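This report walks through selected helix and strand features of one model. Please keep the sequence and the structure in view while reading.

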2 protein chains.
Amino acid sequence: MAATDVTMDKVVSLTRRRGFVFPSSEIYGGLGSTYDYGHYGVLMKNEIRTLWLRAMVQERDDIVALDSAIILNPRVWEASGHVAGFTDPLVDCRTCKLRFRADKLEDSNCGRKPSKRPGETADCDLTEPRQFNLMFETQVGAMQDEASQAYLRPETAQGIFINFKNVLQLARRKPPFGIAQTGKSFRNEITPGNFLFRVREFEQMEMEFFVPPDDAEQWYRYWVEERLNWHRGLGLRDENLRVREHGAEERSHYSSGTSDIEYLYPIGWQELEGVANRGAFDLTQHTQHSGTKLEYVGPDGERYVPHVVEPAVSIERIFVALLCDAYREEVVGERERTVLQLSPRVAPVKAAILPLIPRDEGMATRAKNLFGELRRRFSVEHDDSGQIGRRYRRQDEIGTPWAFTIDEQTLEDETVTVRDRDSLAQERVPISGVASWLSAALERPWSPPAAA
Amino acid sequence: MAATDVTMDKVVSLTRRRGFVFPSSEIYGGLGSTYDYGHYGVLMKNEIRTLWLRAMVQERDDIVALDSAIILNPRVWEASGHVAGFTDPLVDCRTCKLRFRADKLEDSNCGRKPSKRPGETADCDLTEPRQFNLMFETQVGAMQDEASQAYLRPETAQGIFINFKNVLQLARRKPPFGIAQTGKSFRNEITPGNFLFRVREFEQMEMEFFVPPDDAEQWYRYWVEERLNWHRGLGLRDENLRVREHGAEERSHYSSGTSDIEYLYPIGWQELEGVANRGAFDLTQHTQHSGTKLEYVGPDGERYVPHVVEPAVSIERIFVALLCDAYREEVVGERERTVLQLSPRVAPVKAAILPLIPRDEGMATRAKNLFGELRRRFSVEHDDSGQIGRRYRRQDEIGTPWAFTIDEQTLEDETVTVRDRDSLAQERVPISGVASWLSAALERPWSPPAAA
């Protein structure tokens, strides 16, 4: 099945059916493009986050972790430019009473005649565009006045910049060094959509890398390459990844270079991760607004405002890319199957333990014991429901790389069958060696199977 | 040092100094009782969350994970009773213009004369109490009308109840089963304070366990015991933990039993975790408000609304309890030291790698190589700054259980010194065996050292 045959609808349907993702607040009619993650969705997101933190923090000695608050002092967002400029142009339709992004009219549908696009029909009577700020507002404390006005952060990055001095002093760092953070951000999108691709609350993984100004260009190139390789390491197919460098007209005024690592989603090439050379803009802004000098002073008295290189990605976009990349409908013999060919590193369940005949006490006991042993170290699942073929197909759909089946032969020689999700090859392994077999299998390099 | 000598101020000072926790938005004058977590704080919180998920989800077969949205359909909070009743009584002082919780006046200070308590002085001219809703409000979408009004969730539990049917159907569960969730919740506290003990945004870890009504009492007792043991397993001292059952007058009207697992914080015995027998209240409310029947229908047509047992805790309260429990000031020989005697399972850094003489090339190279090997599997730190004694004291203060020192003897026989944080005992281990030594050490049961 070619990647182009994978539609967002098919992926949404599978994730719903198998409990990865549910439309949020569904019993109350939902809430726009908001989603809740079910069991497998949570496990998979946790793997993505853990792998990011491992690559960005644990396995390096030049990056430290941070977890700043979601509701910061509102002056942070004045300094960053978000209060004045984090806006989208908005138009109202006087006929259908809906609102649209003025710069995305071609993607919007008229509320009265959904088949007609608002920009193209005489039905739609649009107002002049006005600027709509995408930050969610709220009030902190019991006083409802201007002083209590606050925002939900639209990005985690600013929480990093305002802690620059703390890390410099207390974590005893000097450039080049980075600060990494994962956490929820909120944007009041006018037109969210495309499943998890554009949602109002999402989990960012951002790292701000502070460098001597003269080295910024070199570090910018380094991080584009480094992050691209990280996505490859998740198992995303090479042909579905590319780097697109922004033209000068597309970049922020302070940026001297921005690249998108793009993925070929079913809706086309779109940003998966952005890497930006932000220069001294952020630290300079916060120095001016806070009165606290955010600069590096070396032991010899050298003094400069570090430049910042920022790789920024959301778990949601990785999650959708992984699902689209892994989704395959295959015909095996006379049977059709749907399978998620996820890398074992990101698969929500690493292995299934299946007693062939659940009512056979010998098989049931061995399966339970094996499950009890494995679950202390791995995310595994025990399934004793229904026919073995149905159980295999269920595990295929949630992307479980291996299934250990306890069968008649197990009762004779204490070996189990290992079934490989992708090749469907089967081999036998001693039941006592399953844990170390699985441990070794998870360490092996993995690449996506060639298209059938 | 007796636990009663540990003051919150000492713990706050250590966590600030060593980069566990910073007051948030500090360069802008802060924001009430809001905090940002530095490197060690993040690593320690991640360990707490991972251990909770392992105990509550991975190592069980009757609980699944969920991650629901922070901004839900606002009708959820009508059904749950939060819109009408999630309030604190608030009084204004006409003299000092501050606001106080009417039920906590004895803990509050007058703004004009901070030494005087508002309830006790003639200075304060208090209004009659009125009810203040603790939910943060916001607006979703570009329309600013009643329909767009929304709330930041004050608890993760309701996101679980509204997904009850999804899990029942798609995860093919039947009672008894549980749904577990970790994530940020927000409460607009009138008087936050006591460091991280009462903050406006915090990370909850909640699990709703759905059971046949007749079994609710038994499961309630089970979960009180289970959760108490889990906290013991984190290394919290027995004498600082107790269970306090609420009297009938203290409980919610729908609860037939609530127990607090309390910890002896420096501010006294306070709730660490709550375990509540919530009956059928939540599912019944959402059935009535949504029109969707939230009940269990068995294969034989038996039909009931499950009762709910809920253990609910925040990472912040565990984090503070662990730090207070672990904090010790000791005199060792002629030297004083401050040490965090954290369980290795929750310690942010598991081991430090220290070249005794950093400018010695043989030591430096071996230390770097060992660090490179260990960090692929463990959270470890390489430190080649300053005198070895200062480096040990630094690791003591961040609670690192073991330090591997590369010294002269290493150059001769390829062994390193292992220093134990608590006993200060030293032994030698082959450098090639350090990874498996550390792996085994982390598996060993741990209990807090007896008070000196």
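In α11(A), the buried residues are A:Gly389, A:Arg391, A:Tyr392, A:Arg394, A:Gln395, A:Asp396, A:Glu397 and A:Ile398. The model is predicted. Helix α11 spans residues 388-398 of chain A. It is mostly covered, with 8 of its 11 residues buried.

## The β17-β18 hairpin

In chain A, β17 (residues 327-332) and β18 (residues 335-340) run antiparallel and are joined by 6 bridges. A:Tyr327 stands opposite A:Leu340 in β18(A). The two strands form a hairpin with 2 residues between them. In the turn, A:Gly333 has a positive phi of about 65 degrees.

Now chain B. B:Thr338 sits in strand β18 (residues 335-340) of that chain. Is B:Thr338 buried or exposed? B:Thr338 counts as buried because its relative accessibility is 15%, and the cut-off for buried is under 20%. Leaving aside neighbours within four places in sequence, B:Thr338 is in contact with B:Tyr327, B:Arg328, B:Glu329, B:Arg393, B:Asp396 and B:Glu397.

## An open sheet in chain B

5 strands of chain B form an open sheet in the order β20-β19-β21-β22-β23. The pairing is mixed. β20 and β23 of chain B are the edge strands, each pairing on one side only. From one strand to the next, the twist averages 25 degrees.

Strands β21 and β22 of chain B pair in the antiparallel sense over 4 bridges. B:Ala403 stands opposite B:Arg419 in β22(B). Helix α13 (residues 434-443) of chain B packs on the sheet and touches β19, β20, β21, β22 and β23 of chain B. The direction of α13 makes about 165 degrees with that of β21(B).

| Strand pair | Bridges | Facing residues |
|---|---|---|
| β17(A) and β18(A) | 6 bridges | A:Tyr327 and A:Leu340 |
| β21(B) and β22(B) | 4 bridges | B:Ala403 and B:Arg419 |

In chain A, the axes of α2 (residues 39-58) and α7 (residues 216-233) come within 12 Å and cross at roughly 140 degrees. That angle makes α2(A) oblique to α7(A). The crossing is right-handed. From α2(A), A:Ile48, A:Leu51, A:Trp52, A:Ala55 and A:Met56 meet A:Trp223, A:Arg227 and A:Trp230 in α7(A). By class, this contact has 7 nonpolar, no polar and 1 charged residues.

Technical notes
Residues numbered from 1 in each chain as written. Chains lettered and ligands numbered in written order. Predicted model: local features only at pLDDT ≥ 70, side-chain atom pairs only at ≥ 80, totals over all residues. Heavy atoms only, no water. Axes fitted to C-alpha atoms, helices over the stretch in contact; angles between N-to-C directions. Parallel < 35°, antiparallel > 145°, perpendicular 65-115°, else oblique. Left-handed = near helix turned anticlockwise from the far one by under 90°. Contact = heavy atoms within 4.5 Å. Nonpolar A, V, L, I, M, F, W, Y, C, P; charged D, E, K, R; others polar. Buried < 20%, exposed > 50% of the residue type's maximum accessible area, 1.4 Å probe, protein only. Pairing = 2+ DSSP bridges.
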